[in-house]
Structure formats: structure tokens, C-alpha cells
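Visitor: I am new to this structure. Please show me how to read its features, one at a time.

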Amino acid sequence: MKYEVIPVSNERFRLAESPFYDPLTGITSFVDILEGKLHLWHRDGTKTSLSFGEEIGAAVPAKDGGFIVAGTSALFKTDGVSFTGILPLTDIFKGERRCNDAKADPSGRLFFGSCAKGENKPSESLYSYDGKTLAVRDGKTLLSNGMAWSRNKEHFFFSDSLAHALFVYDHDPVTGELSGKRVLTDLGSAIPDGLTIDINDNIFLAIWGGAKILKIDHETGEISDRIEVPAKNVTSCCFCNDELDTLLITSSGEDLDGPFDGMIFTCKTDTRGLPPDRFGV
């Protein structure tokens, strides 16, 4: 398929990430990690933002209509106007660390990964939080990034940027336990970032530094298609609009001067995505 990637506007962001479109509310959300801001684009065309005063890795829709924000010092709950901390992270994250990407699993748990600043070979972890208990789901990650669960809930897909690979795990939907970690796609020297999944479990994976999104078969790991994006550091994507047939693509403009670096894009596809899972157990 020939893809047309179109900038949403001329607005540029330092490090846009964690895009979601929620058909229930009509809100498109994403964060600017380095600015520490949550951006909300509403169905009526208005745009609002909320600053957290620290770097935030992701903002995940919640079942009550708000968001859970994965930050540096804590997990926060927000209605988009104000926020409050719900889980301190200062005792968990030692040294210069923050949350990176995050998503809710099909049961409503928040999965989030840690990220070390200024280290090339950090030892990081992938966590889950159900509103009461924090659990380590994988204690041997390097740089946690994109996450998705298969439609039958039996598999978990996960990109580790510094491992240069897309992994698949067996997933227990009752307990959230992950097991049987294995490489689905070895990306060589490419750096995988955020990802989303379509109704057929095909994975759309952003490539940092690669100016593209790869479409990957969930069973074979083979790259079946690619979407060229006019921004060098593509960070993530999600399906948007009420038909969920269009990708919303985020990028980073930090330390780049290309005409489209840091912009948000849309791209019509020949498939459809799924509504986001929301936090709340």
C-alpha cells in the first residue's frame, strides 16, 4: 500500500510520545517527555495542556475518564486540569531515572518501564501496578518502550530500544504474569520505540532514527510493510478517529532542525485498530 503521511499542524514538540485516541471521550492525548506536559486535543477542536514540573514518560487513559501519568517522582492521577500523586517512585528508581512508555493491560493494570538518563547500558525493569500492588514483570530490560497485548490476551509484545529487538511473551490475563520471553524480530542496529497493534494483531513499530514505522507480522516477526515518515526520530503511534483506521504518529524535534522533526502526523491505513485499554482494576 502507498501511504500518505500528513502533518496535523506546524506545531513542533521536543519529544512527543505516548499517543492515545479514546473513542469514548473523543480525546487525543500525548505527552512531551522533556517538557513534562500532557497535551489533550478535544473533539470540538480545542487543545489544552498540563505541566507536571518533571519529565513524564506516558499518560494512559483511565476508566473514569482521566489519565494515569507515569512520571519521574511518582505515578500521577489527573483529570487534565490538576493532578495528584498516587504512587511515589523515588524509593524504586535509584539514581537518574524516570518512567518511560506505559499502557494498561486488558485487565486494567498499568504496565510501565523505567529509563536511565545518560547511561548506555542500564539495568532496568518493567513493572505493573493495579492500584494497590506494584509488581516487577521483567527485571532484565534495558530501555522499556512499546507495549501491546494480542486480542486473545495470550501474548504480550514489547520493544526494548537498547536490545534492538521486538519481544513476545506468554501472558496470563488473570494474574498479568509474563513468561517465555523470546525475540520476535531482531532489528539489527535499528532502535525500536513505541508501537500499536491492529485488529489482526499486526504490530506497527516506530523506529527512532529511522524515519519510519514498520508493520510486523505477530506470528513470524517478519516485516511486511513500512511507512516512511518525514521526521528522523519517530517515537510512537496509535490508531485514531472514530473508524480507528488512521495512524496518529508522534516524533521528536530535540536537537534536530529538519522541517518536520517534532511534528504530529496522520496516515490512513488499510486496516483498523482497537480502542485503548484503560487503567482501573
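Guide: Start with cavities. On a 1 Å grid over the protein atoms alone, a cavity is a set of points where a 1.4 Å probe fits but cannot get out; lining residues have an atom within 4 Å of a point. Grid points are joined across faces, edges and corners, and a volume is the space filled by probe spheres set on the points. This is a predicted model: local features need pLDDT of at least 70, side-chain atom pairs need 80 or more, and totals for chains, interfaces and linings use all residues. Residues are numbered from 1 along each chain as its sequence is written, and side-chain values use heavy atoms, without hydrogens or water.

Visitor: How many cavities of 30 Å³ or more does the structure hold?

Guide: One. The largest cavity has a volume of about 60 Å³. Its lining includes Phe-20, Tyr-21, Asp-22, Pro-61 and Phe-67.

Visitor: Which element gives the most to that lining?

Guide: Strands are DSSP runs of E, at least two residues long, numbered from the N terminus. Here β2 gives the most to the lining of the largest cavity, with three residues. β2 (16–22) and β3 (27–32) are the elements that give two or more residues.

Visitor: How do I read a sheet?

Guide: Strands of a sheet pair through backbone hydrogen bonds, either parallel or antiparallel. Two strands count as paired if DSSP finds at least two bridges between them.

Visitor: Which residue in β12 does Gly-113 stand opposite?

Guide: Leu-126. β11 and β12 (residues 124–129) pair over four bridges, in the antiparallel sense.

Visitor: What describes an aromatic pair?

Guide: The distance of the ring centres and the angle of the planes. Rings of Phe, Tyr and Trp (its six-membered ring) pair if their centres lie within 6.5 Å; planes under 30 degrees apart are stacked, over 60 edge-to-face, and the rest tilted. The structure holds 15 aromatic pairs. Take Phe-111 and Trp-149: the centres are 5.2 Å apart and the planes at 80°, so the pair is edge-to-face. Phe-111 lies in β11 (residues 110–116) and Trp-149 in β14, so the pair ties together parts 38 residues apart in sequence.

Visitor: Are Phe-111 and Trp-149 buried or exposed?

Guide: Buried means under 20% relative accessible area, exposed over 50%, partly exposed in between (1.4 Å probe, protein chains only). Phe-111 and Trp-149 are both buried. Phe-158 and Tyr-169 form an edge-to-face pair, 6.2 Å centre to centre with 65° between the planes. Phe-158 counts as buried at 0% relative accessibility, and Tyr-169 at 2%. Phe-111, Trp-149, Phe-156, Phe-158 and Tyr-169 form one aromatic cluster.

Technical notes:
On a 1 Å grid over the protein atoms alone, a cavity is a set of points where a 1.4 Å probe fits but cannot get out, and a pocket is an open set with protein on both sides within 12 Å along at least five of seven lines; lining residues have an atom within 4 Å of a point.
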